[in-house]
Amino acid sequence: MNSIVLIGFMGSGKSSVGRELAKRTGHVLLDADSEIEKAQGKSISEIFQTQGEAAFRQLEREYLEQLAVDQRRIILSAGGGMPLAPGNPERMQRVGTVVYLKASVDTLYERLKYDTQRPLLQQGDKREIICNLLQKREPSYASAAQICLVTDGKSLFQVVEELLKHPLL
Ligand code: S3P
C-alpha cells in the first residue's frame, strides 16, 4: 500500500484512523500537529498565541516540504487547515494518496464540544464555528483529496476496513 495522507476537519478522526491504519499496514505513523509541536518544543495553542496563525501555517508548509523527500511508507494525519494553503494539496499528493475523512457538522460537534486544545474553536459558539468553517473549507478538502470517505455513523473499524479495501490504495 502507498503512503496515505489523511485530511479533514478537526475531529474527523484523522489521528485515530491514522493510528489504526499504521498498525494494520506497518507504515510509519506521523501526526503533523505532534511533529510540529515536537520540533518547536511548544503546543499548537502556544504557537498560535506567541507566533500567530500565519506562522503556524508556515511551519505546516515547511513540514510538508520535508516529507516530500521522505522515502518511507507513511500514514500522515494532516492538521485540519493544512489542505487550505496554496500549494499544499500538491505537496500532500507528492507524499501519498490523499484521503478526505468527511463528517457532518453534527458528528463533528459531538466529538469537539468539550475540546479545549484547538485554538480555532475556543472563541464563541462551537457549533456555529464548526458550521461556518466547514462550509468554507469543504471545497478545498474535496478538491485536495483523491478519495473521499464519509465517516458518519461508522465505527473506527469500519472506516479502516473500507480504506484497506479501497481500490485506489
Ligand atoms: C487546525 C486543526 C488542528 C491544528 C490547529 C489548526 C485547523 O489539527 O492543526 O489547531 O485549522 O483546522 P486537527 O485537525 O488535527 O485537530
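Which residue forms a salt bridge with arginine 72? Select aspartate 70: the closest N and O atoms of the pair are 2.8 Å apart. Bear in mind that this is a predicted model. Colour by accessibility. Arginine 72 is partly exposed, with a relative accessible area of 43%. Aspartate 70 is also partly exposed, at 23%.

**The sheet**

Switch to cartoon. Five strands make an open sheet in the order S2-S3-S1-S4-S5, with parallel pairing. Select 28-31 for S2 and 147-150 for S5: these strands stand at the edges. Each has a single partner strand, so one side of each is left without a neighbour in the sheet. From one strand to the next, the twist averages 20°.

Now select residues 4-7, strand S1, and residues 97-102, strand S4. Four bridges join them in the parallel sense. Pick leucine 6: its bridge partner in S4 is valine 99.

**The cores**

Show side chains. The largest nonpolar core has 34 residues. Val5, Ile7, Phe9, Tyr63, Leu76 and Met92 have the most contacts inside it. H7 supplies the largest share of this core, six residues.

Centre on isoleucine 7. Beyond its neighbours within four places in sequence, its contacts include Lys14, Ala78, Pro83 and Met92.

Another core, of 14 residues, lies apart from the largest one. Select Leu6, Ile75, Val159 and Val160, which are among its members.

**The salt bridges**

Return to the charged side chains. The model has 13 salt bridges.

Select glutamate 65 and arginine 91. Their closest N and O atoms are 3.3 Å apart. Glutamate 65 counts as partly exposed, at 37% relative accessibility.

Move to arginine 118 and aspartate 115. Their side chains meet in a salt bridge at 2.8 Å, N to O. Aspartate 115 is buried, with a relative accessible area of 11%, whereas arginine 118 counts as partly exposed at 31%.

For the last stop, select Glu53, Arg57 and Glu60. Salt bridges that share partners join these residues into one network.

Methods:
Residues numbered from 1 in each chain as written. Predicted model: local features only at pLDDT ≥ 70, side-chain atom pairs only at ≥ 80, totals over all residues. Heavy atoms only, no water. Pairing = 2+ DSSP bridges. Helix = DSSP H or I, 4+ residues; strand = E, 2+ residues; numbered from the N terminus. Axes fitted to C-alpha atoms, helices over the stretch in contact; angles between N-to-C directions. Core = buried A, V, L, I, M, F, W, Y, C linked by side-chain atoms within 4.5 Å. Buried < 20%, exposed > 50% of the residue type's maximum accessible area, 1.4 Å probe, protein only. Contact = heavy atoms within 4.5 Å. Salt bridge = Lys/Arg side-chain N within 4 Å of Asp/Glu carboxyl O.
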